[in-house]
Amino acid sequence: MAANFPEVPATLKPIAHYLKTAQEHDGRDAIVSYWCRLYALQVGLKINSQGMEERKFLIQVMDWLETTKKAHSENESITNEVAAQAYLENYALKLFLYADKQDRASNFGKNVVKAFYTAGMIYDVLQTFGELTEEVTQNRKYAKWKASYIHNCLKNGETPVPGPMKSDEDEELDNELQNLVPGPRNPPPDQPAAPGPSHQQQPPYPPMGFNSFPAAPSGQSQLPLSGPPSGPTNFVTNDPFSNVKAPTPPSEPEKPPGGWKPYTGPSAGVSGGSAEVAVAPVAGVSLTPDQLTKAQKYCKWAGSALNYEDVKTAIDNLQKALNLLQTGQDG
């Protein structure tokens with residue numbers, strides 16, 4: 001449902017990014033559009049020094065949200081927070097993996113920047129549903145940093161470095177691992193080199209994950225930039241790609257590139273706007289909506305643990321979910 005809003009008042013500029021993302025999805029994804037505006041409203045209501053103009057603008061956003069929710073009353077990804085959270089996580093991840101794949105292939109361009117940028121905005125919107133998980137927080141931080149980094153490189157006529165930056169600690173670890181390789185590193189001229197793999201320089205281990213670019217301490221920078229922005233007000237004051245639409249996420253998530261395994265969202269995918277799976281409790285056990293939600297979270301945490309091959313944690317969470325569904329007891 002498209003909307004015609006007046007220009008965002010200067011006092012409400014911190015929410016302009018989310019309103020812009022919502023506007024870009026009007027007509028093609030009502031779910032993303034709805035939750036971006038809702039998050040913008042929540043942030044806007046917390047901003048001090050609001051005058052008549054600001055209050056009038058926020059009331060218009062409220063009216064739009066109410067009308068849209070009624071028009072999509074049968075869409076659980078708008079009316080149900082659990083379904084909405086799963087949908088937005090999945091949508092942001094598809095955008096993120098698309099941008100990351102293009103970045104690692106050195107295909108730099110406005111669409112890649114816009115995909116990283118939009119993914120970061122939607123990861124912000126997920127705060128509507130509570131505290132972000134560590135995996136989502138890392139994805140959000142990386143997406144915002146990459147969008148800003150590639151944009152600045154292109155603006156300055158520089159060639160961006162694909163993938164995550166290596167920190168000083170990673171380089172030291174590289175050197176230590178190379179020193180552990182058996183055999184002489186530089187054999188004498190009259191002695192043939194021992195047979196082995198190609199001497200083409202290769203990393204001794206897959207690239208580190210998002211932890212390979214920790215936030216720089218205060219007063220010290222380890223990256224070409226000042227580190228990933230902490231929020232929209234510290235990110236990009238003006239969207240340099242406002243005339244570029246975010247690319248439509250692929251129908252299926254791209255395969256994760258080597259070196260890290262990003263958070264893949266709830267184990268139960270979203271299809272047709274619904275992420276809830278009907279649970280048939282054991283006879284005689286009555287489960288509350290909160291208990292069903294907690295069981296879903298256990299399953300979600302189990303799936304996340306498997307991404308890091310942490311089988312023990314996955315089994316523990318699945319057992320907790322099964323016990324809760326069978327007995328109604330948590331723990």
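Asp 124 and Arg 140 meet through their side chains in a salt bridge, at 2.8 Å from N to O; the term stands for a side-chain nitrogen of Lys or Arg within 4 Å of a carboxyl oxygen of Asp or Glu. Asp 124 lies in helix H6 (residues 110-125) and Arg 140 in helix H7 (residues 134-155), so the pair ties together parts that are 16 residues apart in sequence. Helices here are DSSP runs (H or I, at least four residues), numbered from the N terminus. Please keep in mind that this is a predicted model, where local features need pLDDT of at least 70 and side-chain atom pairs count only at pLDDT 80 or more, while totals for chains, interfaces and linings use all residues. Residues are numbered from 1 along each chain as its sequence is written, and side-chain values use heavy atoms, with hydrogens and water left out.

**Salt bridges**

- The salt-bridge count comes to 10.
- Side chains of opposite charge can pair when their charged atoms come close.
- Asp 124 is buried at 2% relative accessibility, and Arg 140 is also buried, at 16%; buried means under 20% relative accessible area, exposed over 50%, and partly exposed in between (1.4 Å probe, protein chains only).
- Lys 294 and Asp 330 form a salt bridge through their side chains, at 2.9 Å from N to O.
- That pair links distant parts of the chain, 36 residues apart, with Lys 294 in helix H9 (residues 289-307) and Asp 330 in the segment after helix H10 (311-327).
- Lys 294 is partly exposed, at 27% relative accessible area, and Asp 330 is partly exposed at 43%.
- Glu 66 pairs with Lys 70 in a salt bridge whose closest N and O atoms are 3.6 Å apart.
- Both Glu 66 and Lys 70 sit in helix H3 (residues 52-71), four residues apart, which is about one turn of the helix.
- Glu 66 is partly exposed at 46% relative accessible area, whereas Lys 70 is exposed at 61%.

**The nonpolar core**

- The largest nonpolar core has 54 residues, and the members that touch the most others are Trp 35, Leu 88, Phe 96, Phe 116 and Tyr 123.
- Two or more residues come from each of helix H1 (16-25), helix H2 (30-45), H3, helix H5 (81-104), H6 and H7.
- At least three core residues come from each of domain 1 (10-79) and domain 2 (82-179), with bounds taken from an automatic or database domain assignment.
- A nonpolar core is a set of buried Ala, Val, Leu, Ile, Met, Phe, Trp, Tyr and Cys residues joined through side-chain atoms within 4.5 Å.
- Beyond its neighbours within four places in sequence, Tyr 123 contacts Ala 92, Leu 93, Phe 96, Leu 132, Val 136, Asn 139 and Arg 140, where contact means heavy atoms within 4.5 Å.

**Residues to look at individually**

- Ile 78 belongs to helix H4 (residues 76-79) and is buried, at 1% relative accessible area.
- Not counting residues up to four places away in sequence, Ile 78 touches Ala 30, Ile 31, Tyr 34, Trp 35, Lys 69 and His 72.
- Most residues other than glycine have a negative phi.
- Ser 106 is partly exposed, at 39% relative accessible area.
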